[in-house]
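Please look over the structure below before reading the notes. The points that follow are grouped by topic.

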Amino acid sequence: GMTEMVRKITLSRAVRIMQNLFPEEYNFYPRSWILPDEFQLFVAQVRMVKDGDPSWKPTFIVKPDSGCQGDGIYLIKDPSDIRLAGTLQSRPAVVQEYICKPLLIDKLKFDIRLYVLLKSLDPLEIYIAKDGLSRFCTEPYQEPSPKNLHHTFMHLTNYALNIHSGNFVHSDSTSTGSKRTFSSILCRLSSKGVDIKKVWSDIISLVIKTVIALTPELKVFYQSDIPAGRPGPTCFQILGFDILLMKNLKPILLEVNANPSMRIEHEQELSPGVFENVPSLVDEEVKVAVIRDTLRLMDPLKNKRENQSQKLKQPAVKEEPSDSEPASPSDANPNPEAHLPSICLKQVFPKYAKQFNYLRLVDRMANLFIRFLGIKGTMKLGPTGFRTFIRNCKLSSSSLSMAAVDILYIDITRRWNSMTLDQRDSGMCLQGFVEAFFYLAQRKFKMLPLHEQVASLVDLCEYHLSLLDEKRLVCGRSGTSGGRAPDSGTPQEAAASAPLAQGTPPACTNSAH
Ligand code: ADP
């Protein structure tokens, strides 16, 4: 699901949900609109701000949804400049506020590519590489004006574009040229008195918050392939985060790459038309460490080796060497990594979990959603699943009848299905469920700010479901058996509901109701 999650539109949607809940915490992502669906909204909102503040002269950047390496990107000064003809319908895009005042080095705009290891989704484990790449533009920066809007080498930092500029300089050290290490930039900023610890901690916080925005839907993808709570495959992923530093040093998220390039060579033109791959010092410096340390952290044999060396350290129990298991290298050397450089991937989650856990509200909504999903492999909630959710969480009342619940389901599902490209399953997608959840929370807890309304409703749902689980546990112990699991309406939907659902009797469900 990662490739789908980091597409420009999906990422924008996921971050926007978080911006609605926590506007201050998520102000590191430029205000974005999804095209074509939100074109009218984009026009109206820009007009409204302009009317209120005639001195506001914004620039916007239009990025095709499935593009990469700067492909199809252009800048505009006014919504009417969007190239509507034909392309908009066929090519969905994101239009975004353009950050006009980036930090410049040597008068050039640059961005940062940081590598992030998502080691595990549940429990969430995030690592960040201590060093990254800085990729430079090749034409001195000027704030956008109608005259320079089309100057790609001035505004876009993509390596794939700037390599074609006559000004591109292949780096022969980590601190010069058009691609440098991020640590060399930090050194330079530090020598000018910048508080680089603050810059780095803001970046860590941006990365953690972004991953928190992505995990709810990733979990939905994940459970459709990999059943929870059973031994079997687990996944990890190296992500490439593209970040821009503003002049005031605030980091801004540009995008996330699910398949970042791990090339450590670049092409060099030896003579006209004759190219050769030569090692790229800067890429090697950063990427080799990322791959090496990912393998060190993920190595499935590592735990085994560690267990073995634990045993070796306990002389009281003398074990005969087993014929079936060849002696591992760790038998001779208890720490086979002793000769390797220290780990460059730094754990940031759960290390800083305490500071960020309050943001994981949508994650808890996704757990509810998954619980009522039903059939393994599905990612959308059927009408019965939604009704059961309402019933089991005791959300219907005299002012919210089950008929109104059905209408809410149909309304939201129809709208989301017409917006999203994925028409494989019918039913309510996670974002639709989140929208319904927000609506229910607003109705129930009228006076609170949105995130408190939502948090209160999540608490309430979890509370009712835990009561239900307890009842089922008691009933399960009393020996009744057979029937369908209680959290979903149909036998199929029941199959993949809550962990406690397996083998629980229908009689208990009814009594719980
Ligand atoms: P792609 O996947 O095609 O590389 P990006 O979103 O990374 O698309 O955008 C390409 C480049 O455009 C970035 O590397 C950055 O230099 C510039 N850019 C993107 N979004 C913004 C923005 N909101 N403000 C300023 N510059 C941006």
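In this predicted model, a backbone N or O atom of E97 lies 3.0 Å from a nitrogen atom of the ligand. At G70, a backbone N or O atom is 2.6 Å from an oxygen atom of the ligand.

**Around the ligand**

- The protein covers 98% of the 540 Å² of accessible area that the ligand has on its own.
- The ligand is surrounded by 23 residues, and the closest are K63, G70, T157, N158 and E255.
- Four strands each supply at least two residues of this shell: strand 2 (60-64), strand 4 (93-97), strand 6 (108-120) and strand 11 (251-257).

**Aromatic pairs**

- The count of aromatic pairs comes to 17.
- One of them joins Y159 and F168, whose ring centres are 5.6 Å apart.
- The planes of Y159 and F168 meet at 75°, so this pair is edge-to-face, because planes over 60 degrees apart are classed that way.
- Y159 has 27% relative accessibility and therefore counts as partly exposed, since that value falls between the limits of 20% and 50%.
- F168 has 14% relative accessibility, so F168 counts as buried.
- Another pair, F386 and F389, is tilted, with 5.9 Å from centre to centre and 40° between the planes.
- F386 and F389 are three residues apart in helix 14 (residues 383-392), so about one helical turn separates them.
- Both F386 and F389 are buried.
- F386 and F389 also belong to one aromatic cluster, together with F369, F372, Y409, F433 and F437.

**Charges over rings**

- The ring of Y159 has the charged end of K179 over it, 4.0 Å from the ring centre.
- The ring of F136 has the charged end of R180 over it, at 4.1 Å from the ring centre.

**Cysteines**

- How many disulfides are there? The count comes to zero.
- C137 counts as buried because its relative accessibility is 1%, which is under the 20% limit.
- C429 is also on the buried side of that limit, because its relative accessibility is 9%.

Key: Residues are numbered from 1 along each chain as its sequence is written. This is a predicted model: local features need pLDDT of at least 70, side-chain atom pairs count only at pLDDT 80 or more; totals for chains, interfaces and linings use all residues. Side-chain values use heavy atoms; hydrogens and water are left out. A disulfide is a pair of cysteine sulfur atoms within 2.5 Å. Buried means under 20% relative accessible area, exposed over 50%, partly exposed in between (1.4 Å probe, protein chains only). Rings of Phe, Tyr and Trp (its six-membered ring) pair if their centres lie within 6.5 Å; planes under 30 degrees apart count as stacked, over 60 as edge-to-face and the rest as tilted. A charge sits over a ring if NZ of Lys or CZ of Arg is within 6 Å of the ring centre and within 35 degrees of the ring normal. A residue is near a molecule or strand if one of its heavy atoms lies within 4 Å of it. A polar contact is a pair of N or O atoms within 3.5 Å; within protein, one must be able to donate a hydrogen and the other to accept it, and residues adjacent in sequence count only if both atoms are side-chain atoms. Accessible areas come from the Shrake-Rupley method with a 1.4 Å probe; for residues, only the protein chains shown count as cover.
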